[in-house]
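Biologist: I'm new to this one, could you walk me through it?
Modeller: Gladly, let me put it up for both of us.
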Amino acid sequence: MDLYDICSTALNTPYEMGSNDCNILCLRVLDLRAGTDWANVAQYSTVLEGYKQLKDLGYNSTQEIILEYADEVEFIIDGDIWLDEENPLLMGVVFSDRLLGVDEDHTKFNLIPYKDGKYYRVRKS
């Protein structure tokens, strides 16, 4: 899978916690770029299950996993990951000169204008 396939699949697949949500999307991009397997490790169907699994793995949020493999960037490109500074559950992927993220109702992915905040680029393996 490449970045286009990952993002297109997210856009064209119904939102589902644990299989097509913003954390899984960002983990897939991380896996693509860093050669990791985090999207397959993540096994949850609710926020509470996801939080419990993260705690068991030694993390407080998916953002902490991403930050282990990524560096903050000033100039963003497709595949960079936006992390919400106030809510560690919210994140998105830069795609087609916009940000791919979940809508406010958490029912589907949309391409939206860039958000303020910090963007990170995964270091290649």
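This is a predicted model: local features need pLDDT of at least 70, side-chain atom pairs count only at pLDDT 80 or more; totals for chains, interfaces and linings use all residues.

Biologist: What volume does the largest pocket have?
Modeller: The largest pocket has a volume of about 360 Å³, and 25 residues line it, with Asn23, Tyr44, Leu54, Thr62 and Leu89 lying nearest its centre.

Biologist: Which helix gives the most to that lining?
Modeller: Helix 4 does, with six residues in the lining of the largest pocket.

Biologist: And by class, what is that lining made of?
Modeller: For the largest pocket, the lining has 16 nonpolar residues, eight polar ones and one charged one.

Biologist: What about the second largest pocket, which residues line it?
Modeller: The second largest pocket, with a volume of about 250 Å³, has a lining that includes Cys22, Trp82, Asp84, His106 and Lys115; by class, this lining has six nonpolar, two polar and four charged residues.

Biologist: Switching topic, which residues touch the most other members in the largest nonpolar core?
Modeller: Those are Ile81 and Val93, in a core of 32 residues, and helix 2 gives the most to this core, with eight residues.

Biologist: What is Ile81 in contact with, leaving aside its neighbours within four places in sequence?
Modeller: The contacts of Ile81, counted that way, include Cys26, Val29 and Ile66, as well as Val93, Tyr120 and Val122.

Conventions. Residues are numbered from 1 along each chain as its sequence is written. Side-chain values use heavy atoms; hydrogens and water are left out. On a 1 Å grid over the protein atoms alone, a cavity is a set of points where a 1.4 Å probe fits but cannot get out, and a pocket is an open set with protein on both sides within 12 Å along at least five of seven lines; lining residues have an atom within 4 Å of a point. Grid points are joined across faces, edges and corners, and a volume is the space filled by probe spheres set on the points. Helices (H or I, at least four residues) and strands (E, at least two) are DSSP runs, numbered from the N terminus. Ala, Val, Leu, Ile, Met, Phe, Trp, Tyr, Cys and Pro count as nonpolar, Asp, Glu, Lys and Arg as charged, and the others, Gly among them, as polar. A nonpolar core is a set of buried Ala, Val, Leu, Ile, Met, Phe, Trp, Tyr and Cys residues joined through side-chain atoms within 4.5 Å. Buried means under 20% relative accessible area, exposed over 50%, partly exposed in between (1.4 Å probe, protein chains only). Contact means heavy atoms within 4.5 Å.
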